[in-house]
Amino acid sequence: MQIYPAIDIRNGNCVRLEQGDFNKETIYHHSPVSVALDFVAQGATYLHIVDLDGARHGVGHNNEIIAEIVKKVNIPVQVGGGIRTLEDIEQRLSTGVTRIILGTVAVNNPEIVETAVLKYGDKIAVGIDAKDSFVAVSGWEEVSTVSALSLCLKMKDLGVKTIIYTDIAKDGMMCGINLASTKELIDNVNMNIIASGGVSSLKDLEEIKKIKASGVIIGKAIYSNAVQLKVVIEKFEKGE
């Protein structure tokens, strides 16, 4: 199971939000680059980065920081947040980003996803962020009428192979992941499902592994020292 330590960037800082609420922000570090290098030192083999300003406003505000991280780490990096056009995708891939996560555009402009997958293949993933099983967009501030499962199946038809699934109610709350909803996707779509939102303990990770998620994103649990990244990687990624 791939472990993805998360770096959420807002106003140039490494932060975490509670339930996607921009008014409930905790700043953990003023240098996302330093955080990235620390994660690599602890054994990280893949980084998950979100430009929260981009997700909210549809414009990449932290591109330079992300490009610097990609340049300085020697591991793959996946990036999401505010990537709404083919030009946005191309710009980020040109900096060396390994995989692009499309979110809002998957709901509002699925034809862009289709074109991107045809051009870039596995470099394109889709982030599905749900509230009560319905997909939220625009930095989670708007909830659509599209269900997570139906969007997942639609993305599969377009050639997408990897989905990052987040239950917003759980995100940043350290209360355990929504196993039922995540398992529903894993059991019904035959895609690579990366679980996200609410991981708080090694027990949570054991449960996620049981439902056969291809990977898991961990944020606040690392920053608050509820779990040790090095231990998590050795146990769940290397299988030691």
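These are my notebook entries on a few spots I looked up in this predicted model.

**Ground rules.** I number residues from 1 along each chain as its sequence is written, and my side-chain values use heavy atoms, with hydrogens and water left out. Since the model is predicted, local features need pLDDT of at least 70 and side-chain atom pairs count only at pLDDT 80 or more, while totals for chains, interfaces and linings use all residues.

**Entry 1: T162.** I found T162 in strand 10, residues 162-167 (strands are DSSP runs of E, at least two residues, and helices are runs of H or I, at least four, all numbered from the N terminus). T162 counts as buried because its relative accessibility is 8% (buried is under 20% relative accessible area, exposed over 50%, partly exposed in between, with a 1.4 Å probe and protein chains only). Leaving out residues up to four places away in sequence, I see T162 touching R99, A125, V126, M191, N192 and I194 (contact means heavy atoms within 4.5 Å).

**Entry 2: helix 4 against helix 6.** I looked up how helix 4 (residues 86-94) packs with helix 6 (residues 110-120): the angle is about 35° and the axes are 10 Å apart (axes are lines fitted to C-alpha atoms over the stretch in contact, and angles run from 0 to 180 degrees between N-to-C directions). From helix 4, L86, I89, E90 and L93 meet I112, T115, A116, K119 and Y120 of helix 6. I sorted the residues of this contact into 6 nonpolar, 1 polar and 2 charged (Ala, Val, Leu, Ile, Met, Phe, Trp, Tyr, Cys and Pro count as nonpolar, Asp, Glu, Lys and Arg as charged, and the others, Gly among them, as polar).

**Entry 3: the largest pocket.** I noted a volume of about 180 Å³ for the largest pocket (on a 1 Å grid over the protein atoms alone, a pocket is an open set of points where a 1.4 Å probe fits, with protein on both sides within 12 Å along at least five of seven lines; lining residues have an atom within 4 Å of a point). Among its lining residues are H29, D38, Y223 and N225. Helix 1 (32-41) gives the largest share of the lining, 4 residues. By class, I have 6 nonpolar, 5 polar and 1 charged residues in the lining.

**Entry 4: two positive phi values.** N225 sits in the loop between helix 10 (220-223) and helix 11 (229-237), with phi near 65°, positive although the residue is not glycine. N225 counts as exposed because its relative accessibility is 53%. I also checked K212, in the loop between helix 9 (202-210) and strand 12 (215-218); its phi is near 70°, again positive in a residue other than glycine. At 66% relative accessibility, K212 counts as exposed.

Key: Points joined across faces, edges and corners; volume = space filled by probe spheres on them.
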